Amino acid sequence: MNSDERRTRKRDRTPKTYTRLTHPLVRDSRDEPFRRASWEEALNRAAEGLARNRDAFGMFSCARATNEMNYVAQKFARVVMGTNNVDSCNRTCHAPSVAGLSAAFGSGGGTSSYEEIEHTDVIVMWGSNARFAHPIFFQHVLKGIRNGARMYAVDPRRTSTAEWAESWLGLNVGTDIPMAHAIGREIIHAGLANEAFIERATSGFEEYKALVEPWTLSLAEKVTGVPAAAIRELAHAYARAERAQLCWTLGITEHHNGTDNVRALINLSLLTGHVGRYGSGLQPLRGQNNVQGGGDMGAIPNRLPGFQDILDPDTRLKFESAWDTVIQPHYGLNLTEMFEAMEESSLKAVYCIGENPAQSEADSEQAVRRMRQLDFLVVQDIFLTKTARLADVVLPATAGWAETDGTTTNSERRVQRVRRAVTPPGEAREDIDIICELAARLGHDWKYADAEAVWNELRSVSPDHYGMTYERLAEHQGIQWPCPSTEQLEPTYLHGRLWAKDPAERGVPAPFGIVQHDPPVDLTDEEYPIRLTTGRRLDSYNTGVQSGSFASPLRRGEFVELCPEDAERFGVVVGEEVQVTSRRGSVVAPVWVDTALRPGLAFMTMHFPDEVDTNQLTIEANCPIAGTAEFKASAIRIEKLPVATIVR
Amino acid sequence: MTVVPLGIPRRLLEFTIDGEPVRGAEGSTILDACRAAGKDIPTLCEGDTLRPKNACRVCVVEVEGSRTLVPACSRKAEPGMEVRTDTERARHSRKIVLELLASSVDLSTTPQVAGWIKEYEAKPDRFGPDAARLNEEPKVDNELYVRDYDKCILCYKCVDACGDQWQNSFAISVAGRGFDARIAVEHDAPLTDSACVYCGNCIEVCPTGALSFKSEFDMRAAGTWDESAQTETTTVCAYCGVGCNLTLHVQDNEIVKVTSPHDNPVTHGNLCIKGRFGYQHVQNRD
């Protein structure tokens, strides 16, 4: 097991910094080192590698790049390669939110806007440490609290978000559905359900009522570990509020049943009518600058640009005539399935743009092994990441947010302009240019004068974006979708239709999600007694490639965080290195003691994978609907060093 | 169902500024009306994203019927009010304020102040070289911020931005009383031992450069800081999904400072540590 890669015991606190790629790199075989190549040679090699695997191709698009790049990338997959196998790292975070919201409302976006949370009465932050992970969103929450809103925090950890809460509900990891169902049952039994709304705008209520009936407050207390009185208080506060906002982040989605978790939360909004009105809504907070936009642009295996369903023949026809191509009438593979297909060798070539799955995927060692099996891997990035080091061809790109023009879409569905401020280094080229060069070599001559030309093509095929010209985006400091008209703006919230008097206007009723509790896959037992959960810190980001380069006074590297009781039980102190072992792997990390944790609960991040590769511990147990892995719940044990017996 | 709150309709108030009739929305300040009318009133402690603090008194104007001069930045407009911005008394008061501040504080990095000193013929030197100054070295205790209290006019904007008006971190406060009052973190400790989360939102509002980015401080010290050679481009942050707008200040193809538009609906001029400082990775070009 990668002993060659295991780092020496002496720890270097300065994170690994990456230098920009300035020229293309190629190699003839994976055993050789890279050599510098001309663009011509690199592009030709990439085109050859892709051409010989036309029927076994997957595209990893980039949730960090612009909408325009994502549009061109998915078009490349669908038109040039003839496949719907296109996805991005949204799979590892918020795909369940999109799946859950679109199952309930037919649209995958958060339903309200940041400003509305300043004017609401009750805020529920569920599985979200927004104070750290989304600090500027949290300023809007704080405005709301200052305006009199009551905030409830539902999180296994007593986070810095929870410090602002009326009440902290510290549930056991993976018991979100029991908690939500108990809240739902309490609302029904207390007579606080919005019956008129349920009657007019929802379906499946009777089934839902029967589903939650067993989840009494006392049973929920037993399962979640949260006192019944606290659950009851939250239920009553949420149901009685004139307006309420329900926000969640990866604490809900990064589970093997993430989509079910999302559905369980949406049920509460349907029960109380807290959706489709100003100040009442559902707000999943996106983890990356353009996770929302990547999906909107069709860089997902089941949707065409504008979040239009591939299975709809009229939609396909529209795109087929616009692109002069034939679109496969079935869903493609998502990121998780593409990795599984690599295992079976039914996926043999990958074009990976700006992603680092070698470090971001759960059970990262398995991900690396699978990518090594590929016949051909081309990586397009601004750094030689760990993923790029596995490639046959590496193409140097520009940084989307500072070196290119375009747009990105944020968590409140606001499309905003990204502008070029600095000149990219060396021979680095813009993503769209590179994709078009490859398309040309594979027989498709696309001409885009600039990003705006791409955007205007997207506008012509996506009704939700039609009204957003670059000029208007600048004028309004961003516009939220849907925006079908160039003349007017839509309300800041979605699904107002659910409140319409006219049943025709109300449209399809929103169905309650009939979802069952399913505890985390990785069970704790005597051998692995500690529940490990993961998250973000304030000053760091994802695999640290981007955030490791500035001198943050807050940065202290990776630790395994334990509660004081557990630290005492294991006889370890702050800074002492311990061995952390899960059923998949083992890492050495120093201890940090955090009073926000509870006995049996440990916390780590994935910010310093070159130092401590946390994702060697996490489990690749995936949500069957959205394909997101259960990063939030692994079973581990902590051992003092040196470990007496070597465990396999 | 609830609808979008429009608030109580705001009346337009009619009053005069320097004898000319103006109209302003109910609740707006004299300063708002002056700016709308194209009158240049100097301001220091006024912050467009903060509630008025009334600390510096450099924006005073005369209002008919008012015994004292009134601060334009906080005084609400009233119907029939007669405002005079350019009287001898108002000009004299601004001149004294500028003289007192400029003699006791280093205003070398305060935008526009040199022009006002000239316009009001202020003579800070008249208090002689012994005028009370702090005479402290800038505090450089971390890689992101510099605190130079020689430049601090005690306007409290940073306290408000760090406190309940925006950031709610409460790392910055006023220590000491009377002449000893100064802006400090708890127990006047180094920033690294404080509750500071390095969002830089205090620097965003500091009017004098007492709080500055270390990147700017170092370049000024080296004599390479050149605002005339800088471009400002507004883009979107590359970290989380909130979508904060960043204005990148670029000199010689290097990002040297990051701010955010104060009227932006997402940020209102505020950022977090990643948005404000996490740009170095794009310019690690060997």
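**Exercise 1.** Find the handedness of the crossing of helix 6 of chain A and helix 9 of chain A.

*Solution.* The crossing is left-handed: the near helix is turned anticlockwise from the far one by less than a right angle. This is a predicted model, where local features need pLDDT of at least 70, side-chain atom pairs count only at pLDDT 80 or more, and totals for chains, interfaces and linings use all residues. Residues are numbered from 1 along each chain as its sequence is written, while chains are lettered from A and ligands numbered from 1 in the order in which they are written.

Next, take the contact, meaning C-beta atoms, placed from the backbone, within 7 Å. Helix 6 of chain A gives Pro178(A), Met179(A), Ala182(A) and Glu186(A); helix 9 of chain A gives Leu217(A), Ala220(A), Val223(A) and Thr224(A).

**Exercise 2.** Work out how the axes of these two helices are arranged.

*Solution.* Helices are DSSP runs of H or I, at least four residues; strands are runs of E, at least two. Helix 6 covers residues 176–189 of chain A, and helix 9 covers residues 217–224 of chain A. Their axes (lines fitted to C-alpha atoms over the stretch in contact, with angles from 0 to 180 degrees between N-to-C directions) come within 9 Å and cross at roughly 165°. Therefore helix 6 of chain A is roughly antiparallel to helix 9 of chain A (angle over 145 degrees).

**Exercise 3.** Describe the hairpin of strand 7 of chain B and strand 8 of chain B.

*Solution.* Strand 7 (residues 172–175) and strand 8 (residues 182–185) of chain B pair in the antiparallel sense over 4 bridges. Pairing needs at least two DSSP bridges. Ala175(B) stands opposite Arg182(B). Between the strands lie 6 residues, and Gly176(B) takes a positive phi near 85°.

Technical notes:
Angles under 35 degrees count as roughly parallel, over 145 as roughly antiparallel, 65 to 115 as roughly perpendicular and the rest as oblique. Two residues are in contact if their C-beta atoms, placed from the backbone, lie within 7 Å.
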